[in-house]
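Hello,

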Amino acid sequence: MDFEQIKELIMLVNSTEITELELAQGGLRIRIRKGLQAQDPTAGPFPGGQDSVGLEAVRAPMVGTFYRSPGPDAPPFVREGDVVVPGQVVCIIEAMKMMNEIETEVGGVVRRILAKDGEPVEYGQMLMLIEPRD
Amino acid sequence: MRRILVANRGEVAVRIIRACRELGIETIAIYSEADRSALHVIWADQAVCVGPPPSQQSYLNMQNILAAALAHGAEGIHPGYGYLSENALFAEMCAAHGLVFIGPEARHLELLGDKAQAKAVLREAGVPVIPGSGVIRDHRELSEAADELGYPLVIKSCAGGGGRGMRLVKEPGELLSSFAAARAEALAFFGCDRCYLEKWLTPVRHIEIQLLADHYGRVVHVGERECSLQRRQQKLLEECPSPVVDAGLRARLGAAAVRAAKAVNYRNAGTVEFLVDAAGDYYFLEMNTRLQVEHPVTELVYGVDLVQEQIRLAAGEPLRYAQAELKPRGHAIQCRITAEAVRPGSHPFSGVVERLLVPGGFGVRWDSHLYQGYAISPFYDALLGKLIVWGQTREEAIRRLARALDELVVEGIETSIPFHRAVLRDQRFTSGCFSTDFVEQWLQESEIVG
């Protein structure tokens, strides 16, 4: 896929009601999202000012209690500075006595862990920030 | 109870938060990503985002709502009206997690949520019901039942509500197609296509009785509400007392409603709806196992805070009122202000409230989640607020309502305010002589007049 084709895709999404389009072809993955500023209030500015530019957030996909480790005495899944790969479990959200393992979609370096261990988190809340790496 | 999660949005979430504050109970609001700046979120002690804008993934997301209640230490959940308020599974899940569901028990929601089943139980208990069929299983049963009832008749969904899955059939030729349409609509809205037939009674008035029941078998009624002013089965204006209900009819309707509640060992607040004909004969329509949108008119006339009573009863307190203590005083009227122009073919709007002037003064109540600058989301109900007035007499209440409607200004979106103003001037309304087809008639006339 070349630049022109990507441009065409963007124009196409823009001219329809679609707000998000994800496309995978060979080793290439493209995600086009539209109108986030107005429609997605959770997509607010990252905390931490300048440092946060270029960081990707891992967000809570459900409501529950955030845990950094699989058990009370176990080491945390990740620490700040750790390198993670896409699909790696980075935390747990307990909801209604069920332990839900949360995976990161992006790979890279864990820069900030924002949620506190054992505290309630809401839907869409930023749990940690990752600096993407290829 | 010290902390309650309010599992709703809009004006009813605000209403529940107000009741909790006065009782010294902390509140947890839930909200979708589209409601981040909603009034109930601002006013609650805590607020938890439970999902994206579509209700199915947020306000109906049982797992996220229960997880929010548990993670934040709520003891009870108030479901408001609509959404999960009549969901038996949700009530059961609350109980399983040690949370008090502020409403009746799951078994009541299940039994009374099935309209055909509820009718059968109440007929057994000696409450008059509208002549009708059982659940229709095939075309043979359909035509037999229709021939027996005669026309016009109405097709209703067992899971129905708000006029969904409901069709009026005027003559035999329309029966098959109407039945198919009603079934399809019922399936789409309720996930259940069980339907039955009922005789179409007209002209009738829609009158409902408010009930309160404790955990110890005591039930009282808190008078009636007149709800005949409807359009497409949606109520537009309600009043208490009804202009056609005298003390004798009130006592008979009240006794029938109490009998209905006792027959199923009902708990908490509930409403029994009746159709009442010109002769004063009444027929059970359905029982609503939740708080009603029009509850404030009862509150003003009987001096009872129904939401606070719901919370007390759910906590296991005994009823605080004896039947003899519940006496109507004066007259109350409520207008449902919606984001739509009441005229043929119109649909709800969304937009930003550019200017808002709220009415006030003696005997005026404004229950709403609106504020200036608030963006009305296209994802949810069109109800913007409820304007409720009280007067010594019906005439005084109508005059006060006209004054309050003149004060109410909502700019930036079209609303039902002009419709309500016009209705108050209509002689049929002021005389009190109207039935459930009044609004449709009125709309036809106003179209002819231009």
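Let me start with one residue in chain B. Leaving aside neighbours within four places in sequence, Phe274(B) is in contact with Ile207(B), Glu208(B), Leu253(B), Tyr282(B), Tyr283(B), Phe284(B) and Leu285(B). Two residues are in contact here if their C-beta atoms, placed from the backbone, lie within 7 Å.

Before going further, a word on the model and its labels. This is a predicted model, in which local features need pLDDT of at least 70 and side-chain atom pairs count only at pLDDT 80 or more, while totals for chains, interfaces and linings use all residues. Residues are numbered from 1 along each chain as its sequence is written, and chains are lettered from A and ligands numbered from 1 in the order in which they are written.

**The cores**

Phe274(B) also belongs to the largest nonpolar core, which has 145 residues. Together with Leu5(B), Val6(B), Ala68(B), Leu211(B) and Ala332(B), Phe274(B) touches the most other members. A separate second core has 16 residues, including Leu153(B), Val169(B), Cys195(B) and Leu197(B). By nonpolar core I mean a set of buried Ala, Val, Leu, Ile, Met, Phe, Trp, Tyr and Cys residues joined through C-beta atoms within 7 Å. A residue is buried if 20 or more other C-beta atoms lie within 10 Å of its own, exposed if 12 or fewer, and partly exposed in between, with C-beta atoms placed from the backbone. In soluble globular proteins, nonpolar side chains tend to be buried together.

**Domains and sheets of chain B**

Chain B is divided into domain 1 (3-102), domain 2 (131-199) and domain 3 (204-449); such bounds come from an automatic or database domain assignment. The C-alpha centres of domain 1 and domain 2 of chain B lie 35 Å apart.

An open sheet of eight strands in chain B has the order β14-β13-β10-β11-β12-β15-β20-β18, with antiparallel pairing. Helices (H or I, at least four residues) and strands (E, at least two) are DSSP runs numbered from the N terminus, and two strands pair if DSSP finds at least two bridges between them.

A further open sheet of chain B has four strands in the order β6-β9-β7-β8, with antiparallel pairing. Its edge strands are β6 (132-135) and β8 (167-169) of chain B, each pairing on one side only. Five bridges join β7 (residues 153-157) and β9 (residues 195-199) of chain B, which run antiparallel, and Leu153(B) stands opposite Lys199(B) in β9(B). Helix α8 (residues 175-190) of chain B lies across β7, β8 and β9 of chain B and runs at about 25° to β7(B). For such angles, axes are lines fitted to C-alpha atoms, for helices over the stretch in contact, and the angles run from 0 to 180 degrees between N-to-C directions.

**Where the chains meet**

How many residues of chain B are in contact with chain A? There are 15, in contact with 13 residues of chain A. On the chain B side, β3 (46-51) and α3 (62-71) each supply at least two residues, and α3(B) gives the largest share, seven residues. β3(B) is mostly covered, with five of its six residues buried.

**Chain A**

Chain A has two helices and ten strands, and 25% of its 134 residues count as buried. Its domain assignment gives domain 1 (1-40) and domain 2 (48-134), with 26 Å between their centres, taken over C-alpha atoms. Leu21(A) is in strand β1 (residues 20-25) of chain A. Leu21(A) counts as partly exposed because it has 15 C-beta neighbours inside 10 Å. Beyond four places in sequence, Leu21(A) is in contact with Val13(A) and Ile32(A).

Enjoy looking around,

A colleague
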